[in-house]
Amino acid sequence: MDNTPYDDVFRTLLTDCTELMIPVVNEIFHTKYTGKETICLLQNEHFIKMPDGSEQERITDSSFEIISEETAPIAQGQKKRYHIECQSSVDGTMTVRIFEYSTQIAITTAESDVSKTVFTMPASGILYLRCNDSTPDSHEIVVNTPGGTVSYKIPIVKIKDYSLDDMLSKKLFFLIPFYFFNYSLEKMEKDHALIEDMKNTYLKLWDQLESLVQQGKISEFEKSAIKAMCDKVAQSLTNKYDNVKEGVDSVMGGEILDYEAKRIRNESRNESNIEAVYNMLVANVDESVVQRMYPEQFEAGKKRFVSSKHVNV
């Protein structure tokens, strides 16, 4: 199945602004993570064996584990694995694909002894960008096994159920780029007043995001990522609506380029700091001092140092 621009937006945000996913997990699964947890992104490519013996690659939108500060040092077995799919519209194959992805994840994480194999399914959920009144709040998966019937539900979050104020108040910043799906572009294309309303909505949103940066609730980079992904979603949706696209360009134009420049700059800074850690360790600077100066890059720099065979492990 081909990727859509919306799949790319989802995966870009998950990769570049991983912590923003925690409130989304709380919303979908009714968990109570505080935001201090660690998210570990996991492999999202799996190969499915077909009836003719060939293999086909399947790529999930997200596969990750959340480990709380309390459990991280002493209870690795309590970490929770999640799998969330971003779906632009409702179709009849979604539940099958969720089960297909989930079983592949369960297979790759199976634990066996001489008499038993345990398959652990991830907690799966769906984000629907478009849906209708008949779309349920969950999908149920029922598996008939020789030992009995097993069933579980896949919770659903629908973008249409959220205003921008909802997203901001619930800290669902990850969902903001998809809010544009709530507009009726056919109506907007014919009504200049609706285009102006849309522009004012996003100008106000930019101010609100800047305020969140000033309050320390999101970073400058996260703000840039959200704005850039808003631009990417809106540009993709307005390809056939010239008047709306002109309005989008006036409030979002250049956000993607600005974001890419900041991402390149951040990557450059990160690499520079890793090299600084490496050089300080080579110079026999105390590890605790180096870690205090470069907490985020310390492990990567130390790994580079160890692999260079300056120390025996």
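1. Basis. The model is predicted; local features need pLDDT of at least 70 and side-chain atom pairs count only at pLDDT 80 or more, whereas totals for chains, interfaces and linings use all residues. Residues are numbered from 1 along each chain as its sequence is written, and side-chain values use heavy atoms, with hydrogens and water left out.

2. Sheet order. An open sheet of 6 strands runs in the order β1-β4-β5-β8-β10-β9, with mixed pairing. The strands at its edges, β1 (38-41) and β9 (138-145), each pair on one side only. From one strand to the next the twist averages 30°. Strands, like helices, are DSSP runs numbered from the N terminus (E, at least two residues, for strands; H or I, at least four, for helices). Two strands count as paired if DSSP finds at least two bridges between them.

3. β1 pairs with strand β4 (residues 64-67) in the antiparallel sense, over 4 bridges. Cysteine 40 has glutamate 65 in β4 as its bridge partner.

4. Strand β8. On one side, β8 pairs with strand β5 (residues 80-87) in the parallel sense over 6 bridges; its pairing with strand β10 (residues 148-158) is also parallel, over 3 bridges. Tyrosine 128 in β8 stands opposite glutamine 87 and opposite lysine 158 in β10. Strand β8 (residues 123-128) is mostly covered, with 6 of its 6 residues buried. Buried means under 20% relative accessible area, exposed over 50%, and partly exposed in between (1.4 Å probe, protein chains only). Both faces are covered: Ala123, Gly125 and Leu127 are buried on one side, and Ser124, Ile126 and Tyr128 on the other.

5. Helices on the sheet. Helix α1 (residues 5-16) lies across β1, β5 and β8 and runs at about 150° to β5. Helix α2 (residues 21-29) packs on the sheet as well, touching β1, β4, β5, β8 and β10, and its direction makes about 90° with that of β5. Axes are lines fitted to C-alpha atoms, for helices over the stretch in contact, and angles run from 0 to 180 degrees between N-to-C directions. Contact means heavy atoms within 4.5 Å.

6. Helices α6 and α8. The axes of helix α6 (residues 192-214) and helix α8 (residues 242-252) come within 10 Å and cross at roughly 20°. The two helices are therefore roughly parallel to each other, a term for angles under 35 degrees. Ile195, Met198, Lys199, Tyr202, Leu203 and Trp206 in α6 meet Asn243, Val244, Gly247, Val248, Ser250, Val251 and Met252 in α8. By class, this contact has 9 nonpolar, 3 polar and 1 charged residues; Ala, Val, Leu, Ile, Met, Phe, Trp, Tyr, Cys and Pro count as nonpolar, Asp, Glu, Lys and Arg as charged, and the others, Gly among them, as polar.

7. Threonine 238. This residue is found in the loop between α7 (220-237) and α8. Threonine 238 is buried, with a relative accessible area of 0%. Not counting residues up to four places away in sequence, threonine 238 touches Phe180, Leu185, Val244, Lys245 and Val248.

8. Serine 102. Helix α3 (residues 94-108) holds serine 102, which counts as buried at 1% relative accessibility. With residues up to four places away in sequence left out, serine 102 touches His83, Met121, Pro122, Ser124 and Tyr152. The C-alpha atoms of serine 102 and alanine 123 are separated by 8.5 Å, the two residues being 21 residues apart along the chain.

Terms used
Parallel < 35°, antiparallel > 145°, perpendicular 65-115°, else oblique.
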